[in-house]
Amino acid sequence: MAATGTIPSSILIVGSGVFGLSTAYALAQRDAFQNSTITLLERLDFPAPDAASIDSSRIIRPDYADPAYAALMSEAHPHWRGDFGAEERYTEAGLCLVQDSTGDSGDDAAHYYLVKALENVKSRLGLRVGRREAGGQVEPMETPEYVARVTTSMGGDCGRRGYVNWTSGWADAEAGMRYMRQLVDGIGRVKFRTAEVARLHYGTDRVEGVELVGGERLSADLVVLATGAWMPKLVDLRGIASATGQVLAYIDITQEEQDRFGSNPTLLCETNGMFIIPPRDRVLKVARHGYGYANPTTIPHPECPGETITVSLPRTKYDDPNLNIAPEGDKACREYLAKCIPSLAARPWTHTRICWYSDTPTGDWLISYHPTYRNLFVATGGSGHAYKFLPVIGERIVDVVMREERDELGAELVKKWKWPAQRKEEDHVWTDDWRGGVKGMILDEELAKGEIGGSRSRL
Ligand SMILES: Cc1cc2nc3c(=O)[nH]c(=O)nc-3n(C[C@H](O)[C@H](O)[C@H](O)COP(=O)(O)OP(=O)(O)OC[C@H]3O[C@@H](n4cnc5c(N)ncnc54)[C@H](O)[C@@H]3O)c2cc1C
């Protein structure tokens, strides 16, 4: 580790999202690091409201086309069903994965994903196929009528075919992160500090330290960067990982509606990336897993003083309290809500949000030592699907820090997560994913197209 083979005596983690906080938890528990100081820097007081890991809900599912992530979920799921999911942090109401067409062309990626995911949960995870009433855990839905039966309380057209996995669910994302923080605090080994890292001090083959906003410098034997979509500010990730803005819209509902929709499965349409997570506390969320918006920003080159680079970086309500979702995103959420739950079609959003993925070209995460700076480790590239692994991902990250492969899965994950040999110039080529919306949207251009009535976001 830290390329010297010795245990670092000081470790600085930057970023308190899923990756950073779970890494702190795993480090704090390992005997090997009992004499190391562990400091976690986070730019906002925990929980940072604009972090990808902080929201009302995140889907918890083993439904992956890629067997490695499905297998990793088998490790995480028992935790969600145990202590992580206690006190209503996890609700196992099922996940209804649908397609909006019955043909195999036009949405090949969606169809491929559905077929592979179903295959994995059946054959690799051994889930029982059949109607829920008869003890089935997974129900293939071959017709629109079958989808309508499963989603009957929504009252609309929720898809043409797909399957429902009754062993999937969703988590209260912020509550899960607060629980993880409580666990870390309980160990008493991690020093937390609210401070924003302005830049890293790069030497020829190592990072000398970090500079905080305000000028203070801190050094450590090992620096773990886990700043999510903000990462390209601190390290050159062009062609490796980039920030993409995703749209979320929330509405208030009545208690009667909460009772009607509250125990629904999550609905996720692989044709257009739209999804609806069942309501909690009379708030319902509509969102899109999309190509997202890029927010090109010219900044000083993080590694080469005097040069500049243009990279996509998050813009959030913390930067601009008046930031709304763009009209095209508003329209997509509105139309999807109207189609699936017609009774809520005209209900105004109470607030909206643009939430930022750190997207990699393949959809695999980036968990690796930096190839040039030997004491710099990066844990990012969540690509819209890392939250569900909160209970276990820290252990896997620390395995990579230690250069250990505890099992076959570990060996496979290391390959997926390694620093890529080549930077990608072309568009994303997700191999285990599908996306909705239009490719190549630029945040400012979409915002400039004006506002749609009822889309004002909460300040
Ligand atoms: C809209 C949306 C829906 C999603 N849905 C799902 C889902 O259903 N299921 C699922 O499994 N996953 C989902 N994900 C993905 C998952 O939430 C992310 O992959 C995961 O939360 C990423 O964690 P992170 O630690 O990389 O980033 P973050 O949670 O963003 O954490 C990064 C932290 O770094 C801090 N930081 C940034 N810059 C600095 C700096 N310079 N100095 C100090 N601190 C800094 C930030 O404040 C932030 O707290 C979704 C993500 C989004 C955005």
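User: How many bridges join β10 to strand β11?
Analyst: 5 bridges join β10 to β11 (residues 207-212), and the two run antiparallel. Strands here are DSSP runs of E, at least two residues long, and helices are runs of H or I, at least four residues long, both numbered from the N terminus. Two strands pair if DSSP finds at least two bridges between them.

User: Is this predicted or what, and what are the ground rules?
Analyst: This is a predicted model, where local features need pLDDT of at least 70, side-chain atom pairs count only at pLDDT 80 or more, and totals for chains, interfaces and linings use all residues. Residues are numbered from 1 along each chain as its sequence is written, and side-chain values use heavy atoms, with hydrogens and water left out.

User: Back to β11. Which residue stands opposite arginine 199?
Analyst: Glutamate 211 in β11 stands opposite arginine 199.

User: What is the order of the open sheet of 3 strands?
Analyst: The order is β10-β11-β12, with antiparallel pairing. Its edge strands are β10 (197-202) and β12 (217-218), and each pairs on one side only.

User: And the open sheet of 6 strands, what order there?
Analyst: That one runs β9-β2-β1-β13-β23-β22, and the pairing is mixed. β9 (190-194) and β22 (366-369) are the edge strands, each pairing on one side only. The twist averages 15 degrees from one strand to the next. Axes are lines fitted to C-alpha atoms, for helices over the stretch in contact, and angles run from 0 to 180 degrees between N-to-C directions.

User: In what sense do β22 and β23 pair?
Analyst: Antiparallel, over 4 bridges; β23 covers residues 376-380. Tyrosine 369 has phenylalanine 377 in β23 as its bridge partner.

User: New topic. How many residues surround the ligand?
Analyst: 32 residues do, and the closest are Glu42, Arg43, Ser53, Ile59 and Cys355. A residue counts as near if one of its heavy atoms lies within 4 Å.

User: How does the shell split by class?
Analyst: There are 18 nonpolar, 9 polar and 5 charged residues. Nonpolar means Ala, Val, Leu, Ile, Met, Phe, Trp, Tyr, Cys and Pro; charged means Asp, Glu, Lys and Arg; the others, Gly among them, are polar.

User: Which element gives the most to the shell around the ligand?
Analyst: β21 does, with 3 residues. At least two shell residues come from each of α1 (18-29), β3 (58-60) and β21 (351-359).

User: What lies 2.5 Å from an oxygen atom of the ligand?
Analyst: A polar side-chain atom of glutamate 42. A polar contact is a pair of N or O atoms within 3.5 Å. A backbone N or O atom of histidine 385 lies 3.3 Å from a ligand oxygen atom. Taken alone the ligand exposes 1000 Å², and the protein buries 97% of that. Accessible areas come from the Shrake-Rupley method with a 1.4 Å probe.

User: Where is the cis peptide bond?
Analyst: Phenylalanine 46 and proline 47 share it, with omega about -5 degrees. Proline 47 is in the loop between β2 (37-42) and β3.

User: Last one: what is the phi of arginine 282?
Analyst: Positive, about 65 degrees, although arginine 282 is not a glycine. Arginine 282 is in the loop between β16 (274-280) and β17 (283-288).

Conventions:
A polar contact is a pair of N or O atoms within 3.5 Å; within protein, one must be able to donate a hydrogen and the other to accept it, and residues adjacent in sequence count only if both atoms are side-chain atoms.
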